[in-house]
Amino acid sequence: MSAGVESRIVIVGCGISGIAAAHKLIKAGFNHVRILEATARSGGRIKTGKFGDNIIEIGANWIHGPSEGNPVFCLARQYGLLDPEALKPENQAVDIGGHPPWIANVFTSSGRKLSIEDVYPAQQMFAELLVECSAFHERGGEPWPSVGQFIRTEVLRRAAEKWKVADAATRSLQLCMISTMLKVECSINGTYSMDDVGLGGYGIYKCLPGLDCTLPGGYEGLLRKLMSELPADVVTYNQPVRCIHWNNTEKPDTHVTIECQDGKRVAADHVIMTVPLGHLKKHYSTLFHPPLPLHKMHSIQRFGFGTINKIFVEFDSPWWDKDCEVIFLVWEDEDAIVDKVQDVPGSWIKKLFGFTVVKPTDRHSHVLCGWIAGHESEYMETLPEQEVLHAITQLIRMFTGNPIITPRRVLRSQWLNNPWTCGSYSYPSKGCSLQDLENMMEPLPSKPSLSQPLQVLFAGEASHPSYFSTVHGALLTGWREADRLISHYSSSHLPKPKSKL
Ligand code: 6YU
C-alpha cells in the first residue's frame, strides 16, 4: 500500500459517490486525490433549496431503508442530522418493501374526495402484484417482458374474479386507481412507463429495512459534513471533463490523461468516473479514447435511465387533511390501466400522480410536492413556469371541485435539462440483467497486468448491483472503487506509480 500513496487519482464528479471515494482514499493515506466537477457546486443529484420558508429537496428526498445496513443512515446519525423518530429501533425494524404506509387523501377528476376504504381493493391488489414482480428475478420464468404488462394482465384477470359482485362504477374506480398506482410506480422507479421496466430485472433492486426518513435540515447537510473532512482544495469546480484518454502508450509514466472542456489536460495513474448514466448514455462515444469495450457500451445503452421531476406548489392555506402525507389523483376516464398519456403536449399533467406534503415540523404545511415521471415530465421541463402554474391550478380546481383555489407559486426541477445528469436515475429496463450492472462497474482494463495497469474505475448510483437509484447505493460504489485501488496497491506484484500531480 505504501507504493500507492503517491499515485495520482482523479475522480470525475463531485456527487455523493465521488465524495465517498475521495473520503476513503484520503483516509487510507493517498496523497494525490483530486475531484474534477463540471458545475460550481458539490452534491450532484443531492440538492436542497428554499421555497418560501420551507426547506425543499430538489433531488434526493429520503433515506431509503434507514437502518444499520444503510451507510447514509449511519453517517447521518453520526453527524446528528436525524430526528429522534428516525433513530428509534422500531423505525429501523419496519420492513415495508420500499412503500411507506403514508396517510393518503384521494381525489377524483369529478371533484370527489374519496375515503381510503373506497380504493383499498385496488391498493391491496397492486401491492400484492408488486411483491410477485420482485420474485421473478430469483425464480425466473417471467410470463411477460415488463412489469406493466404483467400488472395489466393480472389485474384484469383477478378483477374478473374478485370484483365480479361489485357494480360497474365501483369496478371502474378500482381500475382507475390502478392507473394512478402505476404512475406512482413510474416516479419511484424513475421510468417512462412500467411497460419499460423489465419483469425479470425488477427484483434486482433490494430494499433495506427501516421506514424512509428525511434529513430535517436538508440532504445537503450530509454533504457539508463530509466535505468539511476533505482538504479544502480537493475539488476543482467548473471543470467539465471532455475525454478520458486511457491506455496511453507514448508516455509510460502516464497511463491516463484527462482532457477537460477548456482544453486543460490532467495526467493521472487512475481515474474514478462517477458521471450519471444519463450523461454516459449521451457521451460515451466521445468520453473515452480508446472507446469502451463493446459489452460495456451495450450495458450503458441497455440499462434504463429516466426522468422524474418535482413541482413544488405553495398555497395560502392547506386544503388537505391535517394528518395527510400524500394526495392521490384518480382520473375517472383511466379504467384502461394506463400510465402514460397519448397526447403529451395536450395532457401531460395527467401523468402527475399526486402530491406529497412538504412537512415543516412546527406547523401545518402550505406546500405540496407534485411528482411527474416520463416523457410528460420531460415536456413539462420545456414549459414556462407560468404555464406549469396554470396547469397545476386547473388540476387542483378540478380535483377538489373548488373553482377558486389559487396556488401562490410553483418551483419545478428540470433534471433532463441538466447536461451533467440528463435525467433523474436508473432503472432495470426490459431485457436487463444483473450482468449489465456488473459490466457497468467493471474497470478498464478488466484484468490489469504489468503492461496494462488498472486505469479507469466506475462508480455512481447506476453501478450498484442492488441499490442503484439511491444515495446509499451511490455512496457504496464510491467506497467500493476506493477499496479497489487500496487493494490494488496492497498486491505487491503491481507497478509503483512514478510521478506526482
Ligand atoms: C435516494 C431519494 N430521490 C429524486 C430525484 C433525483 C434523484 N435519488 P451525482 O449525479 O449526484 O454526481 C455526479 C456528478 O458528476 C455531478 O455533480 C455532475 O455535475 C458531475 N458530472 C457529470 N458529468 C461530468 C463531466 N463530464 N465532468 C465533470 N463532472 C461531471 N435517492 O436515496 N432517496 O429520495 C431519491 C431522488 C428527483 C434526481 C433521487 C434518490 C437518487 C440519488 O439522488 C442519486 O442516486 C445519487 O445522488 C447519485 O449520486 P452519484 O454520485 O452517483 O451521482 C426496480 C426498481 C427500482 C427501484 N428504485 C427505487 C429506488 C427509489 C429511488 N428513489 C428516488 C426517489 C427520490 C425521490
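The C-alpha centres of domain 1 and domain 2 lie 35 Å apart. The model is predicted. The domain assignment builds both domains from separate stretches of the chain: domain 1 takes in 8–46, 216–304 and 428–490, while domain 2 takes in 99–206 and 308–412. The points below cover the interface and then the cavity.

**Interface area**

- The size of an interface is often given as the accessible area lost when the parts come together.
- Between them, domain 1 and domain 2 bury about 910 Å². Carbon and sulfur atoms carry 66% of this area.
- On the side of domain 1, Pro428, Lys430 and Ser466 lose the most area to domain 2, and together they make up 51% of what that side buries.

**Contacts across the interface**

- In domain 1, 13 residues are in contact with domain 2, where 12 residues take part.
- There are 0 salt bridges between domain 1 and domain 2.
- Polar contact is found in 3 residue pairs across the interface of the two domains.
- The side of domain 1 that touches domain 2 consists of 7 nonpolar, 5 polar and 1 charged residues.

**Cavity**

- The count of cavities of 30 Å³ or more comes to 1.
- The largest cavity holds about 120 Å³ of space.
- Its lining is made of 14 residues. Those nearest the centre of the largest cavity are Val275, Leu280, Ala459, Ala462 and Ser463.
- By residue class, the lining of the largest cavity has 9 nonpolar, 3 polar and 2 charged residues.

Terms used. Residues are numbered from 1 along each chain as its sequence is written. This is a predicted model: local features need pLDDT of at least 70, side-chain atom pairs count only at pLDDT 80 or more; totals for chains, interfaces and linings use all residues. Side-chain values use heavy atoms; hydrogens and water are left out. Domain bounds come from an automatic or database domain assignment. Contact means heavy atoms within 4.5 Å. Buried area is the accessible area (1.4 Å probe) that two parts lose on being put together, summed over both. A salt bridge is a side-chain nitrogen of Lys or Arg within 4 Å of a carboxyl oxygen of Asp or Glu. A polar contact is a pair of N or O atoms within 3.5 Å; within protein, one must be able to donate a hydrogen and the other to accept it, and residues adjacent in sequence count only if both atoms are side-chain atoms. Ala, Val, Leu, Ile, Met, Phe, Trp, Tyr, Cys and Pro count as nonpolar, Asp, Glu, Lys and Arg as charged, and the others, Gly among them, as polar. On a 1 Å grid over the protein atoms alone, a cavity is a set of points where a 1.4 Å probe fits but cannot get out, and a pocket is an open set with protein on both sides within 12 Å along at least five of seven lines; lining residues have an atom within 4 Å of a point. Grid points are joined across faces, edges and corners, and a volume is the space filled by probe spheres set on the points.
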